[in-house]
Amino acid sequence: MTVNTQARTDEFTDIYDLGEPIADTRAPDVDVRQRWETRRFEAKLVNPANRRKLKVIIVGTGLAGASAAATLGEAGYHVTSFCYQDSPRRAHSIAAQGGINAAKNYRNDGDSIYRLFYDTVKGGDFRSRESNVYRLAQVSVEIIDQCVAQGVPFAREYGGLLDNRSFGGVQVSRTFYARGQTGQQLLIGAYQALERQVAAGTVINHTRHEMLEVIVADDRARGVIVRDMVTGEIETHFADAVVLATGGYGNVFFLSTNAMGCNVTANWRAHRKGAYFGNPCYTQIHPTCIPVSGDYQSKLTLMSESLRNDGRIWVPKKAGDDRPASQIPEDERDYYLERQYPSFGNLVPRDIASRAAKYVCDEGRGVGPGGLGVYLDFADAITRLGRDTVEAKYGNLFDMYAQITGENPYETPMRIYPAVHYTMGGLWVDYDLQSSITGLFVTGEANFSDHGANRLGASALMQGLADGYFVLPYTLANYLADGPYEPIDETHPAAVEAKQQVTDRIEKLLSINGTRTVDSFHRELGTIMWEYCGMARTEGGLLKAIELIRELRTEFWRNVKVTGVNEDLNQTLERAGRVADFIDLGELMCIDALHRRESCGGHFRVESQTEDGEALRHDDDFAYVAAWEFGGDGGKPVLHKEALIYQNVEMKQRSYK
Amino acid sequence: MKITVRVWRQANPSDEGKMVGYDLDDVSEHMSFLEMLDVLNERLTLEGEEPIAFDSDCREGICGMCGLVINGLAHGPERTTTCQLHMRSFKDGDVIDIEPWRSSSFPVVKDLVVDRGAFDRIIQAGGYISAPTGSAPEANNLPVPKENADHAFEAATCIGCGACVAACPNGSAMLFTAAKITHLGLLPQGQPERASRVLGMVEQHDHEGFGNCTNIGECTAACPKGIPLDTISRLNRDLLGALAKGKA
């Protein structure tokens, strides 16, 4: 299908306004290989004696937050961190299974910093910033050293050296792992480093606290309003800089692989105060999740894509073939990824694997309840490697699958189906990881910066730790070097206003006393998003979704039922605030998806595909970051475009054939 | 299937608390245990009653946030976290008792939610390797025998859920503490602080009011990650060694 160019560049000015272009002004104008070194040298330093006079607030204690808190605490700054869980160790980074990439080239298989950079830019479908990605590849090497020094028990070979495996979308083995629990082990490492600083008195961590507003005073982020989730107390905290490390927003789909508590509230509140939201429509649908089993389903469970290294994906050749897998002969099986992508086979990038699964299910060849599943078969691997080896590599994943489904994956193939897993979009930041609010920095999944339109496997852990251990400590110091900023207190109009906004909103939520539960709204929003803003998006569908979401918002604020009071542990109230923000975010995601009339990475517009049904980019029109400015309640968001300039990697149509 | 749950309801830490029964008519065997509670909470909300407060987050068995005593067993009848327990482990007509972790060191916050801050404080007392960011040597300069690395990993899979404490008749957190001692003590990076670590962590453990270990082994039987009991032997050996050296 083709779309004429005129239509493709038309803007939907009845839905949003077009603002001035923006640009990253922080990356030095030197060769990409020298940029980070140059920036580090040019960045201002803070004398150790002055650091204790500077206060930093870090919201979120996942890989990006805990690593930053620990490192800044070690450096001597006053750090206050917050997490909504009952311990920093529970942040959702812990659930990452597969591994962490690093350009160590321990396998001697042709890897290098440049190749990791190249793979990540290509994997991101040429919608990420070269500067940021190159830096990510550079510091990847240091991350592994740091984690090993902390005692992270990575998998090792018999000689005692570190083991590697390969991961989707690349042809080298550069992924370090700790069985299927790499995220857990890395987070525990960062958590322990954080707790060490808590013991040293440089970090004060508040558990069961949720950030509900950012304080922007005199055009700088100077603090946050948080709610103590046990007592309901609304607290005001001040600092010289604020860091949001609050993760992604996949739960806008209700069903996702995110933890139940993952939410967009911190980011959305900052967005409302002036932080631009970058590429909100870029969401990653992960191909290897356990299919939905019923309408009571509260979340979806990911099976690490490392399983695709040894598992073979197939469906029956015939539509409607409902024989058990074991009774379908080899020549009646379609190993569709191996067939369509002979050089990458089952290891194609996530977006391609997900869409391919959707297509075979749309053709009626899906397996399991509702026909929404494909097989991931380990029979060959068990024959080739032996059951013990397979168990050593994937044992915990197989156990998890068996526990959830009641089926034994050593004997029958697993059933998998795509699920929302990661959001590449997030708050817009410059090379220094500073948002469009001065003094507000955003790290990890919460920012938009490194993965473009699609993230490669084992890159999320890399980015979270890169930002926290090795990037922010330099760039934040550069900002803090001009501090301490003039002290403000609770009487400052910005603090008073922010606190009032929080209490007004809570009172409003508690006073509606309607007839529908918070979860019923969240499920409805999720259904709209999955249907119209999921794996395949159309102009008509997105326009419809925007209408439906607006109606849902009206209904929510008229008819939601929130029981209990504020001055108590009130999980319904917590969820209500988060769902209200998800509704607003969902609308912006659909607007972003609507305006981007091309397909790229995780964003697939049905109107823009090649004859083979692959994502078709339009680099002349859309090689930019869409950074959205909040347009006021009921107002239109404003689109600012940051042009993406490729000086090193040639933009090509991705091919994994 | 039809089931009855009897749930511990306690409005706040000072409330006395009591068991309250609820009947559920339409429970699918494929539901997770927590999804069954979600369904009940939706109903309670619509009836204008306060839903039951309970903790959960990842619902994949890895974050350690969830934890209920189900029919007297920490995390229920299967060796797994509460979130990974499915209703297929129960049958039609069952009466299921649901309580919070019971330990004076884990005070009840509300209903089934407890405060496990003591675990963070035990880690603060030495459950780390001091490796300031930027100071690390090249990773492969320090080979670790695979066997040690694997054992360290096994201990490091502890999710800090607290089932060991809930299961222990003495209310001891020795398995949690020992898992960290073992993880770090088996690695070459962990040697410099090995003595101070065990002394600090055990002292904090006792200070938090956790009971002593008398080698009963309920902890390891209840542990969803199967942390082995021999980690406690390792802790004891490290503790004796450290005390003998007089490194207090």
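What you see is a predicted model. Let me begin with the nonpolar core. The largest one holds 283 residues, and the members that touch the most other members are A:Val56, A:Val243, A:Leu244, A:Cys590 and B:Cys164. Helix H17 of chain A, residues 571–595, gives the most to this core, namely 13 residues.

Let us stay with A:Val243 for a moment. Leaving aside residues up to four places away in sequence, which residues does A:Val243 touch? Its contacts are A:Val56, A:Ile57, A:Ile58, A:Val59, A:Ala68, A:Phe441, A:Thr443 and A:Leu472. A:Val56, then, is a contact of A:Val243 and is also listed among the core members that touch the most others.

I turn now to the contact between the chains. Chain B contributes 66 residues and chain A contributes 61. On the chain B side, the elements that give two or more residues are helix H1 (33–46), strand S6 (108–110), helix H2 (117–124), helix H3 (146–156) and helix H5 (174–185). Of these, H1(B) gives the most, with 7 residues. By class, the chain B side that touches chain A comprises 32 nonpolar, 20 polar and 14 charged residues.

Next, the domains of chain A. The assignment gives domain 1 as 5–12 + 500–643, and domain 2 as 286–421. Their centres, taken over C-alpha atoms, are 30 Å apart. The contact between them takes 4 residues from domain 1 and 5 residues from domain 2. On the domain 1 side, 2 of these residues are nonpolar, 2 are polar and none is charged.

Chain A also has an open sheet of 5 strands. Its order is S12-S16-S15-S13-S14, and the pairing is antiparallel. Strand S12 (283–289) and strand S14 (333–334) form the edges, each pairing on one side only. S12(A) pairs with strand S16 of chain A, residues 414–423, over 5 antiparallel bridges. Within that pairing, A:His286 has A:Ala419 in S16(A) as its bridge partner.

Finally, the annotated site. An unreviewed UniProt entry places the feature "active site" at A:Arg350. This residue lies in helix H10 of chain A, which spans residues 350–362. Is A:Arg350 buried or exposed? A:Arg350 counts as buried, because it has 26 C-beta neighbours inside 10 Å, and the cut-off for a buried residue is 20 or more.

Thank you for your attention.

Conventions: Residues are numbered from 1 along each chain as its sequence is written. Chains are lettered from A and ligands numbered from 1 in the order in which they are written. This is a predicted model: local features need pLDDT of at least 70, side-chain atom pairs count only at pLDDT 80 or more; totals for chains, interfaces and linings use all residues. UniProt positions are given in the numbering used here, feature names are shortened, and annotations may be inferred rather than shown by experiment. Helices (H or I, at least four residues) and strands (E, at least two) are DSSP runs, numbered from the N terminus. A residue is buried if 20 or more other C-beta atoms lie within 10 Å of its own, exposed if 12 or fewer, and partly exposed in between; C-beta atoms are placed from the backbone. Domain bounds come from an automatic or database domain assignment. Two residues are in contact if their C-beta atoms, placed from the backbone, lie within 7 Å. Ala, Val, Leu, Ile, Met, Phe, Trp, Tyr, Cys and Pro count as nonpolar, Asp, Glu, Lys and Arg as charged, and the others, Gly among them, as polar. A nonpolar core is a set of buried Ala, Val, Leu, Ile, Met, Phe, Trp, Tyr and Cys residues joined through C-beta atoms within 7 Å. Two strands pair if DSSP finds at least two bridges between them.
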